Structures are given as structure tokens and as C-alpha cells.
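This report goes through selected features of one protein model. Look over the sequence and the structure before reading on.

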Amino acid sequence: MQPESFYYDNKIVRNFGIATVVWGIIGMTVGLIAAIQLFHPGANMHNQYTAFGRIRPLHTNAVIFAFVGNAIFMGVYYSLQRLLKARMFSDVLSQVHFWGWQLIIVSAVITLPLGFTTSHEYAELEWPIDIAITIIWVVFGWNMFGTIFKRRERHLYVAIWFYIATFVTIAVLHIVNSFELPVSSLKSYMVYAGVQDALVQWWYGHNAVAFFLTTPYLGMMYYFLPKMANRPIYSYKLSILHFWALIFIYIWAGPHHLLYTTLPGWAQSLGVAFSIMLIAPSWGGMINGLLTLRGAWDKVRDDVILKFMVVGLTAYGMATFEGPMLSLKQVNGIAHFSDWIIAHVHVGALGWNGFLTFAILYWLIPRIYKTELFSKKMASFHFWIGTLGILFYAIPMYWAGFTQSLMLKEFTPEGMLKYPNFLETTLQILPMHMMRAAGGAMYLLGVMVMAYNLMRTALQGKLVANEAAQALPLIPVHQIAQESGWHRRLERRPIQMLIAALLVILIGTFVELMPTLTISSNIPTIAAVKPYTPLELQGRDLYIREGCSNCHSQTVRPFRSETERYGEYSKAGEFVYDHPFLWGSKRTGPDLAREGQKYGNAWHYNHLMDPRLMSPGSIMPEYDWLISQKLDTTTTRTKIHAMRMLGVPYPLGYENIANRDLDKQAKQISDNLYLDKIKVRNNREIIALIAYLQRLGTDIKANKTANNSK
């Protein structure tokens with residue numbers, strides 16, 4: 001049997017590599033601007049398009065889907081061809097995948113600052129972009145499986161198992177979490193509401209971390225680390241156990257983001273139990289990686305690329321130990337909604353994803369350009385400044401999280417809240433936020449140095465766009481000796497591997513989601529809870545547009561410290577008309593679930609115009625554009641109609657007269673403001689936002705008053 005000659009496609013790898021670096025710098029720069037705004041709110045220059053609430057999702061999307069996403073495709077396209085001894089299935093599909101993904105990122109860069117968002121964390125992009133993501137993801141899968149089918153290597157290496165699991169699980173996550181009803185060309189309402197929406201979102205949110213930020217990177221670790229260290233992977237058996245246990249257990253853990261909320265207790269308990277079990281397979285991967293370096297630790301001392309890998313794996317181990325610990329209710333009660341979570345997330349993102357990406361770039365770029373790295377000293381500087389950046393970022397955020405959370409829970413000997421004003425705790429942690437920004441700047445500086453180093457490396461070499469290779473053709477199955485192990489047989493069958501991975505991740509999905517989505521008794525209703533008025537609905541959409549849920553939660557947990565500060569703890573029935581839910585995941589400001597009628601309309605007006613006028617020291621940005629921008633009431637009809645289609649009990653035909661009620665309520669608020677010598681036209685956006693804020697929590701208060709009168 002004669003070897004066959006073919007060519008690896010390095011051009012597509014180069015393209016994704018360039019996109020990784022460019023979008024990494026952009027995404028991290030946006031993150032630094034957002035970090036500065038948390039102690040210097042004027043950093044947005046009073047521009048609505050750069051306010052924290054709008055650029056925070058831009059930062060997360062740019063880092064996750066632009067920086068990490070392009071890095072995944074870079075690593076997959078390079079390793080897959082060599083593991084399968086075949087060029088990618090189609091150069092055309094490769095190009096469609098690359099440019100389609102970049103257009104999706106550009107669309108996010110345009111739409112998120114403009115306020116077009118679903119408010120679903122890590123899934124903020126609106127419905128047309130969701131469709132584009134689906135199409136491009138199918139193109140990626142088509143190209144990947146086409147390459148697998150034409151391979152010259154029968155055995156599928158462990159890295160490919162992780163690539164297959166990533167493809168199928170992300171497809172399921174994206175489709176289920178993107179059930180939304182379009183209202184206009186760039187506006188939609190989530191099909192799920194309240195508790196159901198929260199469960200689906202955090203089933204998605206946690207597993208987006210699992211299957212976008214973790215499994216493809218584990219696959220790349222299994223390929224690139226042995227190459228870098230010139231050592232075989234430590235344990236084949238451990239890789240099997242690690243892979244199947246990880247994808248089975250991870251899918252169950254999402255509810256630990258919703259502890260102490262109105263999510264049914266059984267779902268919370270399942271999330272906790274599986275989160276604790278997650279330590280074992282996660283550390284199995286870390287141990288398999290680190291022990292691959294046995295006998296090669298002398299190389300780590302001298303090889304900066306291996307330094308990046310070791311710190312990345314260590315950060316993965318730290319993050320995957322801390323995650324299960326944070327799922328314990330006692331720990332979660334302190335950590336959730338605080339900067340502790342921000343520290344935890346960034347140890348994983350900056351350490352695991354960032355450093356692994358940098359190691360691969362430093363190893364891969366010189367090889368496809370057939371040259372040496374331009375400067376090992378610059379790479380070493382990048383390693384140390386990046387490591388210091390992580391420390392300067394994470395340690396202050398842990399400190400801030402502990403400090404603020406404990407302050408919020410502290411009572412005086414007389415049984416009163418020691419710090420009843422949320423702002424008191426915010427002012428205490430401003431120095432830590434300044435240190436966090438300094439750490440982020442150090443990390444970003446390292447990335448810029450890397451970009452220069454890689455650019456000079458490319459300039460001194462020449463891209464081998466089509467790298468010549470030879471391999472024997474695939475031996476027919478009937479000529480191969482039958483493997484004895486079940487997994488060895490499975491590794492030769494990509495479709496069976498795909499189906500097996502799909503079935504494994506669907507078990508937890510159905511057990512957790514279906515009861516809450518189909519059994520009405522899981523979400524008891526409250527008779528006093530009514531649909532939003534047209535003006536309040538418009539105001540809620542403005543609240544979403546401005547990204548207010550990025551800083552404010554809307555759920556009061558059953559802690560004495562929270563009920564004393566905010567009011568009665570939240571009930572599941574309060575959220576049955578909330579498409580989407582707005583519970584938030586980080587309290588930069590106080591909870592707003594009981595905000596309605598707490599202050600007068602004039603207070604809210606002045607607070608939105610100049611937050612420091614009403615709350616000295618506040619880090620909230622000014623929203624003065626709300627007074628100059630006219631409320632778009634042409635959308636009221638379609639919004640009311642869409643809500644009724646989703647089960648909100650608006651009367652049939654109400655959409656035709658909804659603006660009449662909207663104008664009436666807007667005039668009442670405008671007239672009330674006039675009594676406080678505030679002149680504002682009743683057709684301005686600020687009127688609608690005030691109406692929504694004044695509605696929050698009033699239904700449950702009305703229900704309580706009615707019950708007391710009986």
C-alpha cells in the first residue's frame with residue numbers, strides 16, 4: 001500500500017490565529033474600560049453607547065466568542081487535520097466558517113452598544129444573530145465531520161472526542177436557550193418566563209462555560225501539551241473516565257447559579273449534588289495534563305510555552321475546585337451576587353483560557369511560518385506580566401467579595417442592620433476595584449506584547465499555506481483485527497461517538513428542565529400579580545436596553561439581612577409574566593425587586609439624571625439621554641400582541657387601544673413630576689422607565705395588603 005500525498009491547510013489556521021489576537025485585544029480593552037467605570041463612572045464620557053450596562057455584555061461576548069471562539073477554531077483546524085491525516089473537508093466551508101464567524105462578532109459589536117439585547121447572560125445577541133450562529137455552527141460541524149469521514153487514521157484520538165462533544169452540546173444549548181418570539185427586526189421576547197426562563201438560562205450559562213470554555217480547551221490540551229513536552233499523555237484510561245464523567249456530570253450543575261431563589265428545591269439540590277461530583281472529572285483532566293510532564297519538568301524551567309501551559313492547567317484546577325465549593329449553600333449565600341464570583345470566573349478565563357491560548361499561539365505560529373519565535377525574552381515578559389495581572393485582578397476581587405458580602409450581612413447588637421445603605425459597602429471596596437483595573441491593564445499589556453512578538457515572527461518567516469504531508473490510506477474495516485475494548489471500538493465510529501455524547505448530555509437536560517417546563521405546580525401563581533401596563537412594558541424594555549440587570553438583581557433571597565434591607569423575599573408566582581426574567585447575577589447596586597413606590601417619581605428622575613445628587617458617591621452612570629429621547633410607541637401594538645401569544649392575559653384586541661392607556665399613565669407621571677417643579681414631556685423614555693421602576697414589587701405588596709384586610 002503506497003502512501004498518499006496531500007496538503008494541510010495552514011491558511012485557515014493563520015486566519016483564526018490573527019482573529020484570536022485582534023479580538024482578544026479589543027475584548028480586553030472593552031473590559032478594562034468597564035472596570036474603570038466601576039470606580040470612575042465618568043469614564044463613559046456621558047455617552048449612552050459606552051455606558052457600563054451596554055459594554056459589559058460586549059466585553060463578555062468579545063472575550064468568549066471572539067477571542068476564545070477563534071482560538072478554539074484555530075486549535076481545532078490545526079490539530080484535527082494532523083490527527084486525522086487529512087486536509088479539512090472543504091476549503092470553501094472553512095472560509096464560510098471563518099468569515100461568517102467574524103461577521104457574527106461584528107454584528108455583536110454593533111448591536112450590543114445600541115442596546116439590542118435579550119439580557120440572557122452569555123446569550124445576549126438578538127434573534128437574527130442567533131440564526132446566523134446556528135448556520136455557521138452547522139458549517140463548522142459539517143466541515144469537521146466531513147474531515148473525519150475522509151480521514152486516513154482509523155482511531156479517533158482523545159482530543160477529537162472533546163471536539164465532537166463540544167459541537168453537539170453547544171448546538172443543543174444554543175437552540176433550547178434561543179427560543180424567542182420576534183417582535184421586530186432586532187427585538188424579541190423569550191418564550192420562557194420567570195422561573196422557567198431562569199432555569200433554562202443558567203442551564204445554558206453554566207454549560208456554555210463547560211462546553212465552550214472547557215471541553216474544546218481540554219481537547220486542545222490533549223493534543224498540544226504532549227507535542228510541546230515531547231511526551232505521551234499520562235493515562236489513556238484516565239482520559240476515558242475523565243471525558244465521559246465530565247460531559248455527563250457537567251450538564252446537571254446549572255441550578256447552583258440559582259440557589260436560594262424561587263427555583264424548586266429539588267432542582268437546586270440536584271445542581272448542588274452534581275456540582276460537588278464535578279470535582280473528580282475536572283481534576284482528572286488537570287492531573288492527566290500535569291502528569292504528562294513527568295520527567296520533563298526541567299523543560300518547564302527553560303521553556304516559556306510550557307510555563308503558560310502549567311499555569312493554565314493550575315488555574316483550571318483552582319477554578320474547578322472553587323466552583324463546586326461555591327455551589328455549597330453555606331458558601332453560596334456569602335459569595336453569590338458579589339465580586340467573589342467575578343474573581344472565580346476570571347481565574348478560569350485569564351488563567352485557563354488565556355494562558356492556554358497564548359501557549360498554543362507561541363507554539364503554532366512559528367511552525368506554520370517555518371521560523372523561530374522572534375523574541376523569547378518578550379514571551380517571558382508576557383508570561384510574568386500576565387501572571388502578575390491575574391494576581392492583581394483576582395486577589396482584590398476576592399477581598400472585595402468577602403468585604404462587601406459580610407458588611408451586607410452584619411447586624412448591630414440591637415438587631416439592626418449595621419450598613420442598611422447598600423452604597424456604604426460599595427464605597428468600601430472602590431480601592432479593590434482600582435487594583436482590579438491595574439491587574440487588567442497589566443494582562444492586556446502582555447497580550448499587546450505577544451501581538452507584536454507574533455507579528456515580527458510572521459514577518460521574518462513565510463506562511464506555508466499548504467503544508468505537504470503523506471499518510472497511508474485508511475485500511476478497510478474488514479482488514480483490521482477486531483479490538484477487544486468497547487471504547488476502542490467506539491473510537492473508530494464518529495457517528496456512534498456523536499450519538500453517545502448526545503444521549504449522555506440529554507439525560508440531565510431532560511431530568512432538570514422538563515418537570516419545571518411542563519408541570520404547572522412547580523410554579524404556583526399569585527392572583528394579585530397582573531401583566532405590565534403598556535407604559536411599564538415599554539419601560540421594562542428600556543431597562544433591558546440599558547443593561548440595568550448587569551448591576552441590579554430583582555430577587556430577594558430568604559435571608560434576614562436581605563428581607564430587612566429590601567423587603568419580603570421573592571415568590572415564584574411574581575415572575576410568571578417576565579419575558580425574560582431579570583434576576584441578575586451580580587449586585588453592583590442594590591436589589592430592585594421591591595423598588596416600586598419606595599421613592600417618589602421625582603427621586604427616580606433626579607437619580608437617573610445625576611445619581612450622585614440623590615446618592616453621594618454613587619458609581620452609577622448618568623442616564624440623561626432618556627430625557628431627550630422620545631419613546632417609540634409604534635412598537636406597543638406588536639409587543640402586547642407578542643406577550644399575549646406567550647400566555648400573558650391581555651384582553652383580545654387590547655393592543656389596538658394600548659397606546660391610549662400608555663398616554664394616560666405617562667401624563668399622570670409627567671403631571672406628578674411637574675408638582676416637584678420638574679418639567680418633562682410625557683412622551684420621553686424616562687417616563688416609561690420610571691413607570692416600570694415604580695411597578696416593581698407592588699403586586700406582592702397589594703396581595704399582602706388584601707390578605708391583611710380580610
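In which helix is the place of Leu270? Leu270 sits in helix H9, which spans residues 265-277. The model is a predicted one.

**Around Leu270**

With a relative accessible area of 22%, Leu270 is partly exposed. Leaving aside residues up to four places away in sequence, Leu270 touches Trp252, Val511 and Glu512. Gly508 lies 238 residues from Leu270 along the chain, and the C-alpha atoms of Leu270 and Gly508 are separated by 9.6 Å.

Helix H1 covers residues 11-37 and has 27 residues. From its first C-alpha to its last, H1 reaches 39 Å, close to the 39 Å expected at 1.5 Å a residue. Of the 27 residues of H1, 19 are buried, so H1 is largely enclosed by the rest of the structure.

Helix H27, made of residues 685-695, is mostly covered, with 11 of its 11 residues buried. After H27 comes Gly697, which has a positive phi, near 80°.

**A nonpolar patch on the surface**

Six residues, Leu388, Leu391, Phe392, Ile395, Trp399 and Met435, form a nonpolar patch on the surface. Together they have about 560 Å² of accessible area. Helix H15, residues 376-409, gives the most to this patch, with five residues. An α-helix has 3.6 residues a turn, so residues three or four places apart point the same way.

Met435 is partly exposed, at a relative accessible area of 34%.

**Cysteines**

How many disulfides are there? The count comes to zero. Cys548 is in no disulfide, and the nearest cysteine sulfur, that of Cys551, is 8.1 Å away.

| Residue | Relative accessibility and class |
|---|---|
| Leu270 | 22%, partly exposed |
| Met435 | 34%, partly exposed |
| Cys548 | 14%, buried |
| Cys551 | 15%, buried |

Cys548, at 14%, and Cys551, at 15%, count as buried because buried means under 20% relative accessible area.

Technical notes. Residues numbered from 1 in each chain as written. Predicted model: local features only at pLDDT ≥ 70, side-chain atom pairs only at ≥ 80, totals over all residues. Heavy atoms only, no water. Buried < 20%, exposed > 50% of the residue type's maximum accessible area, 1.4 Å probe, protein only. Helix = DSSP H or I, 4+ residues; strand = E, 2+ residues; numbered from the N terminus. Contact = heavy atoms within 4.5 Å. Disulfide = S-S within 2.5 Å. Expected span 1.5 Å × (residues − 1). Patch = residues over 30% accessible without salt bridge, like charges linked within 9 Å, V, L, I, M, F, W, Y side chains within 5 Å. Areas by Shrake-Rupley, 256 points an atom, 1.4 Å probe, with all protein chains shown as cover. Salt bridge = Lys/Arg side-chain N within 4 Å of Asp/Glu carboxyl O.
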